[in-house]
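Here are a few exercises to work through with the model open beside you. Try each task before you read its solution.

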Amino acid sequence: MATFNFLIAVGSLALVLGNQSDLKHCIFSSLHIVIQSIVNSIVRNEQKELNIAPVHHLDRAFKTATFGMGCFWGAESLYGGTRGVLRTTVGYAGGTKDQPTGDHTEVLEIDYDPTVISYQQLLHIFWNNHEYGLTTVIKRQYMSLILYHDDEQKQIAELSKAKEGKRRTPEVITTEIAPKRNFYPAEDYHQKYRLQGHRDLSETLNLNSKLLRTSYVATKLNGYLVGVGGVEQFKTEVDTMGLTPSQKEYCYHYIEKNEGQGLYC
């Protein structure tokens, strides 16, 4: 745990040295490699001695929602730190082409436990957390979009939009509601973008290309590490994630630091 505290200090030092001389940058880079090796060794030992492994899959029934609400980095963190959300994947959908180019929209697919959070509650988050707003006409890449998966979702979304429209009068909501026909996962560097900024922690979670899109623990930490949900909520979920004591302490530090901060790009 002390090593993770030291790593946090080194990470802060990086911000100071980032604009300094090439020599200092070289020194820091070498130091970080050494620290990363130490941290990985400590966590691996904890995982082995305590028989702990990152939880990438929860065997729970789920439903899926698909929303476009601006830059998908922020949306993925927002929903990842929400209770009842099991998995998130960013990608492109809503277009007419067979490839995610041109007329597709950045969207987030959300697998959620309907016994914990409802589709209506997911929509409440959707209406109140757009990067560019609900009433601003923007290019299709970042437009407001609900892609329904069945008739029930369609009905709920349409009623919800009508209610939200009345609440926001005289503004006009630009959100489109359409059936979900296609979905193309985004490139790996877009998946769990905020979590991947914590390179040392990410490495100890054993993430590969598939798990960046499907991992439960990666989904949750991608939200919590930027402050979504807050410390008290994290306490109620942390034991479902398969984290070692050092990993937990690292996460607590950043959740406390970032709680209440902004999310979007």
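Helices (H or I, at least four residues) and strands (E, at least two) are DSSP runs, numbered from the N terminus. This is a predicted model, where local features need pLDDT of at least 70, side-chain atom pairs count only at pLDDT 80 or more, and totals for chains, interfaces and linings use all residues. Residues are numbered from 1 along each chain as its sequence is written, and side-chain values use heavy atoms, leaving out hydrogens and water.

**Exercise 1.** Find what follows helix H11.

Solution: Go to the end of H11 (residues 245-258). After H11 comes glycine 260, and its phi is positive, near 90 degrees.

**Exercise 2.** Work out where serine 246 sits and what its side chain contacts.

Solution: Next, check its relative accessible area: 0%, so serine 246 is buried (buried means under 20%, exposed over 50%, partly exposed in between; 1.4 Å probe, protein chains only). Last, look at its side chain, which makes a polar contact with the side chain of glutamate 46 at 2.8 Å. A polar contact is a pair of N or O atoms within 3.5 Å; within protein, one must be able to donate a hydrogen and the other to accept it, and residues adjacent in sequence count only if both atoms are side-chain atoms.

**Exercise 3.** Which residues of H11 are buried?

Solution: Pick out Ser246, Gln247, Tyr250, Cys251, Tyr254, Ile255 and Asn258. They cover an arc of only 165 degrees around the axis, so they lie on the same side of H11; the arc is taken from the directions from the helix axis to the C-beta atoms.
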